[in-house]
Amino acid sequence: MLGKLDWSAIPFDQPIPLIAGGVVLIGILAVLIWVVVKGHLPYLWHEWITSVDHKRIGVMYILLASVMLLRGGSDAIMMRIQQAIAYQSQGYLPPEHYNQIFSAHGTIMIFFVAMPFVIGLMNLVVPLQLGVRDVAFPTLNSVGFWLTATGALLVNLSLVIGEFARTGWLAFPPLSELSYSPGVGVDYYAWSLQISGVGTLVAGINLVTTVLKLRTKGMNYLRMPMFCWTTLASNLLIVAAFPILTATLAMLLLDRYLGFHFFTNEAGGNIMMFMNLIWAWGHPEVYILVLPAFGIFSEVVSTFSGKALFGYRSMVLATMAICLIAFMVWLHHFFTMGAGPDVNAIFGIASMVIAVPTGVKIYNWLFTMYGGRIRFATPMLWAVGFMVTFIIGGLTGVLVAVPPADFMLHNSMFLVAHFHNVIIGGVLFGAFAGFEYWFPKAFGFRLDERWGKLAFWFTFVGFYITFVPLYVAGMLGMTRRLQHYDVAEWRPWMIVAAIGMAVLSVGVICQILQLVVSIRNREALRDRTGDPWDGRSLEWATSSPPPVFNFAFHPDVRGEDAYWDMKIAAQQQSLEHEVPEYHDIEMPRNSPTGFVCAFFATIMGFALIWHIWWMVILGGIGAFATFVVFAWRDHDEYVIPAAEVAAIDRVNLEERRNLVSMAGAI
Amino acid sequence: MSMTATVGRAHADPHHIGVIVEHPGPASKRIVTAYGFWVFLLSDIVMFSCFFAAYAVLVSQTADGPKGSEIFEQRNVAIETVCLLLSSFTCGMASIAADVRNRLWFYLGMAVTCVLGLIFLAIEFREFADLVSRGYGPSRSAFLSAFFSLVGCHGLHVSAGVLWLLTMMAQVFAKGFRADVLRRMMCFALFWHALDIIWVGVFSVVYLLGSGV
């Protein structure tokens, strides 16, 4: 009846996950009760859960990422404490629990923090920057988000019901095969990634189509803001790489569920094939994450330097070069596995070549700042912090791209330090910069600068105190994933890293406080102009938060930095405006399709993990029924009358005229 | 006009590189839908290419089990291929019928497509059942794992296509040739033709090359 599920699945003997799970459960229940009692449920349902508005979906993505960041961060804190005290002792975590923690940490941070964060920002901003009303497929967008949420939910369920994988974040066989991992941990891993992977693919298709087919009038390719370019590159990579992950995980699951022999030791299975396939996805994945961050930095650096981006065209070229080369370097993840010197040399060179377009970008940002009027607002701080940190991460990356050096540093703490250096210093800093930068656009008020700067400095300093010692430990020969160790020289570095983690955590707390303080003072921080940073691209041309239709009429773009040009022109023409002609606007209707899909996907995923076959069939039928019901809808759009559009837009135009006249007076 | 339209620039192209064609604005729904679906199909083909690659890697890993030439039946594969290629033609007929709003020919074309698809699936199912009953199931060897996965994945796609086909017929029956129904029909046709292309790959890489070994 319930497959493999019984009471033994709940780890009564392990207090940490139980207490954590209990606290989370109480928290969720408390929030739910509060929502229902206060009568917020209809609002949440109509305005958020069923929303197909790209801005709302973007915000929900970022919210999901933030919550999961806290979860993945607690895992990190636990690991740092363990390694600080586990010198010639067992520490406080039993090995199998420790193995689950590092696997969950990697999986969560990549799939459920970094991915939703950048996809959320792209969702929120790209249609605004392109001057259009929504993404190409709004309902599909909602489906994509809710499937990602399903994956996150399944990972968190594994905390209390059953276990998570103990195989690292990429579940290498044969360890992840049934004979070595008979439990449900790897199944949790594979199904949550499979489901959220579909969500990611859907988002990728959506954004590629949006950028290529939905630009406003006059927005030629070489007038698109840099963030749109990096979004395009990143989503092209998603479309090309995520199917590889889907296929690879499908093969692993076939091995585990039906006794296939793709990656087994027996009957001719080929383990190297898993390595090739998973890294053919995994390496582009790194660029899927970091390219949007590059785009965010381009926007931030040019806005806060008060200058157009230096070398725009070379930036576009560098972005697309990275997009291409990302697929030619995957083999550097297994230099040490005996591919031979020729293959290693070719892939080593390809890996180093990526540093060239990345270097082009760094110089472009520096030259954008050179001679500019730089304002060190919080987003700019994150951008400058990124440049310093990422250069170090990039240099150590070139170091491990040299095959002989990699033989020494392979699987060591040096590697751990390197990729945290680029992922935190690149992706996470970028995500935070984007969060601070576009927050007023999404919610209509700015974030508190004082707490934002404190958060930056604690995170920045904490980051170095945490990860520089890991470089040293790696040079001293410490390998990754150690549950305990007996080498005295490593210990001081582990203690310093743990202290760094504490400083880093203060940064996170500051960021939470920043949010709390800003929401409390939102009236004082209100942005009425829609353009709090004196921005240059079209998202600042509409009000904050933008109306549901984004733009009352399609903007007409005449050059790079579309909104900047408009502002200059408005000043020069001494503020003579005609009233625009408004038309009715058709917008997609809200739809519960995404939520219902995810509901059935959760049921199916859970049932598959626990081999509850009747429930799998039920979920499958439900999913197909949802598809048909969605296809059967008659009215998927509603019309906003021109008069209403005019009324909403008039307020925005008025504020904007004040803004321009003020700037003109100066 | 808005303040945007008042910008008068001598050079829209600041770098004077060639003639810039002004972008006319967002594309029509039909184009956006078809374009998005093409992108999806490309991603689906990437997924298939992984199974093709796995097959190519594992084709000789028979673990003392049967080789391809010992289990493939050319006659069945020939019938399968004919069915699928013909179904692509009838699907094309149904698309044209939908474009000219001819219900009779639409239903006829779709029904024949459906029957041909089902025959294809039946033959494939019989081939699989036969192999399993002889002890040559996917868990026999890595070669057979890769074979069943690649061909089975295509079969799953055809099955999904048949479900979609029936939904399309029901939709035209209930709603007629509305613009959104026609857009979906276009996507379905693209999907069905793409399955054909993938089958040509399966046919060549698995059955033709496999029979020679």
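Helices, as I use the word here, are DSSP runs of at least four residues, numbered from the N terminus. The model I am reading is a predicted one, and these entries keep to what I looked up in it.

**Entry 1, loops of chain A**

I began with A:Tyr485, which I found in the loop between helix H15 (449-475) and helix H16 (490-520) of chain A. Is A:Tyr485 buried or exposed? Its relative accessibility is 3%, and because buried means under 20%, I count A:Tyr485 as buried. I then listed what A:Tyr485 touches, leaving aside residues up to four places away in sequence: A:Gln83, A:Ala84, A:Ala86, A:Tyr87 and A:Gln88, and also A:Met478, A:Trp490, A:Arg491 and A:Met494. I also looked up its separation from A:Met604, which lies 119 residues away along the chain, and the two C-alpha atoms are 41 Å apart.

Next I turned to helix H18 of chain A, which covers residues 593-609, 17 residues in number. From its first C-alpha to its last it reaches 24 Å, which is close to the 24 Å expected at 1.5 Å a residue. Which residues of H18(A) are buried? I noted A:Thr593, A:Gly594 and A:Ala598, then A:Phe600, A:Ala601 and A:Thr602, and finally A:Gly605, A:Phe606, A:Ala607, A:Leu608 and A:Ile609. The cover over these buried residues includes helix H5 (138-160), helix H6 (185-213), helix H7 (226-258) and helix H19 (613-632) of chain A. After H18(A) comes A:His611, for which I noted a positive phi, near 60 degrees.

On the side of H8(A), the contact is made by A:Leu289, A:Val290, A:Ala293, A:Ile296, A:Phe297, A:Glu299, A:Val300, A:Thr303 and A:Phe304. H14(A) contributes A:Ile423, A:Gly426, A:Val427, A:Phe429, A:Gly430, A:Ala433, A:Gly434, A:Tyr437 and A:Trp438. Sorted by kind, the residues of this contact are 13 nonpolar, four polar and one charged.

What does the secondary structure of chain B come to? I found six helices and zero strands, so that, by the DSSP runs, the elements read α-α-α-α-α-α from the N terminus on. Chain B has 213 residues, of which 52% count as buried. Taking the contacts in chain B between residues at least 6 apart in sequence, I noted that 82% join residues at least 24 apart.

B:Gly109 is buried, since its relative accessible area is 8%. Apart from residues up to four places away in sequence, B:Gly109 touches B:Thr90 and B:Ala94. I also looked up B:Ala97, which is 12 residues from B:Gly109 in sequence and 8.1 Å from it in space, C-alpha to C-alpha.

Terms used:
Residues are numbered from 1 along each chain as its sequence is written. Chains are lettered from A and ligands numbered from 1 in the order in which they are written. This is a predicted model: local features need pLDDT of at least 70, side-chain atom pairs count only at pLDDT 80 or more; totals for chains, interfaces and linings use all residues. Side-chain values use heavy atoms; hydrogens and water are left out. Helices (H or I, at least four residues) and strands (E, at least two) are DSSP runs, numbered from the N terminus. The expected span of a helix is 1.5 Å times one less than its number of residues. Buried means under 20% relative accessible area, exposed over 50%, partly exposed in between (1.4 Å probe, protein chains only). Contact means heavy atoms within 4.5 Å. Ala, Val, Leu, Ile, Met, Phe, Trp, Tyr, Cys and Pro count as nonpolar, Asp, Glu, Lys and Arg as charged, and the others, Gly among them, as polar.
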